[in-house]
Amino acid sequence: MKLTPNQQAMLDGQQGWPFQIAMRMLTAVGRALDAPDLIPVTSTHLVIDGTALGEAGRDFLERLVAEGGRFAIPASINAIAVDRTKQDMTKEERDQIRMLEACEKMGALPSCSCNPFIQGIQPGFGEHVAWSESATAPYVNSVLGARTNREGATAVASALTGLTPRCGMHVDQNRHGKVLIQVDADITGADRYSLLGALAGRLAGDRIPVLDGVGKTPSIDEYVAFGAAFAIHGSVAMFHMSGITPEAPDLAIAFGVNAVPGPVIIDDHTLEAERLETAGGDAGPVDVVSIGCPHASIDQMRAAATMVGRSGGAKTGDTVFYIHTNRSTFDTADGEGLIDILTGAGARVTADNCSVVSYDRVTAGARLATNSAKMALFAKSVSDAEILFGSTEQCIQAGLTGVWKD
Ligand code: F3S
């Protein structure tokens, strides 16, 4: 792998341990992926979920700080496992806060959200960035036309050095479609886009899909819901929507060097089959309702408050009714009186974390209702939850009444 003299000096430890360990990570990944060299990146998004990183992650981040590590480029932070404002934290929760504080000392912005786009953190077209959190990469690549791989721990190395290996989504010819998905269904609303994303992700697997027939440009909330479900049900970091997304003005350009294959059809029938696959549970009592995955935007908070107000009653029963968002959206919603409406009806509006990225996560075997195909799969795998999947309105009704109705 070709390195500049400055990069070689970092790798040799001449600029300190944090930069040496970062260069070791980047060159190891780069060599494994046949990257010829490292390229500059303009921002990173870091996952520091304490439930996954534990004490080892805390120690690593604090050592980076102690030994002079400082981020070379802007870095935002994904959802963390506890609300920063919580009182009486456990040891694990305090460890999570220490990880966040270590990142802040190195220059990170404590955005604490899996949906940084609603906080205005949006790389520009053609920018090379290094973002972790699988749900962010499809939006960055496909909607914004910026370039990122689905980063993991290497995002911290990129934050320290401002570099990433030249491979994957950073290379033009790797950004072309390989699967054609014909959408013959009316898709409106984040929950329907979430379902479409789950199905498209599973159909595409490790190949970039081109969706044709979507018809209209999705809203940011719809794109985010689609991308999050797409990423977790498939394994690529990009999709195209023909005539809509910036690198797919038509099918020929979207497929680029690849031949346009015959289409796989998604229609109302296949979407209903996907809904049934996503939601194994039957109508009846619900333990937990979770909406706001990825973190709810202010528009989604307003819509939720309107639906709660329309239903005209406070929550009954023991069902835990979560609405997840980030701190800045929470504060905006609070200023508009939305938090009072939602909590007054019995909802729990969380900031910074969610039902599964949390030390206080959904208990094993719970019946969980959600409008997010990402939350559905995540809750199924981390908590073995029984999933009920439907529209936001259905979820809110279940949250208030404690009963799921098909
Ligand atoms: Fe975000 Fe939690 Fe969903 S971190 S993407 S709300 S599973």
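Predicted model: local features only at pLDDT ≥ 70, side-chain atom pairs only at ≥ 80, totals over all residues.
## Basis

Local features need pLDDT of at least 70, side-chain atom pairs count only at pLDDT 80 or more, and totals for chains, interfaces and linings use all residues. Numbering starts from 1 along each chain as its sequence is written, and side-chain values use heavy atoms, with hydrogens and water left out.

## Helices α11 and α15

Helix α11 spans residues 298–311 and helix α15 residues 392–401. Helices are DSSP runs (H or I, at least four residues), numbered from the N terminus. The two axes come within 10 Å and cross at roughly 55°. Axes are lines fitted to C-alpha atoms, for helices over the stretch in contact; angles run from 0 to 180 degrees between N-to-C directions. The crossing is right-handed (near helix turned clockwise from the far one by less than a right angle).

From α11, A304, M307, V308, R310 and S311 meet T392, E393, I396, Q397 and L400 of α15. Contact means heavy atoms within 4.5 Å.

Three strands form an open sheet, ordered β3-β2-β4, with parallel pairing. Strands are DSSP runs of E, at least two residues; two strands pair if DSSP finds at least two bridges between them. The edge strands, β3 (75–77) and β4 (130–131), each pair on one side only.

Strand β2 (residues 44–46) is joined to β4 by two bridges. T44 has A130 as its bridge partner in β4. Helix α6 (residues 154–161) packs on the sheet and touches β2, β3 and β4. The direction of α6 makes about 135° with that of β2.
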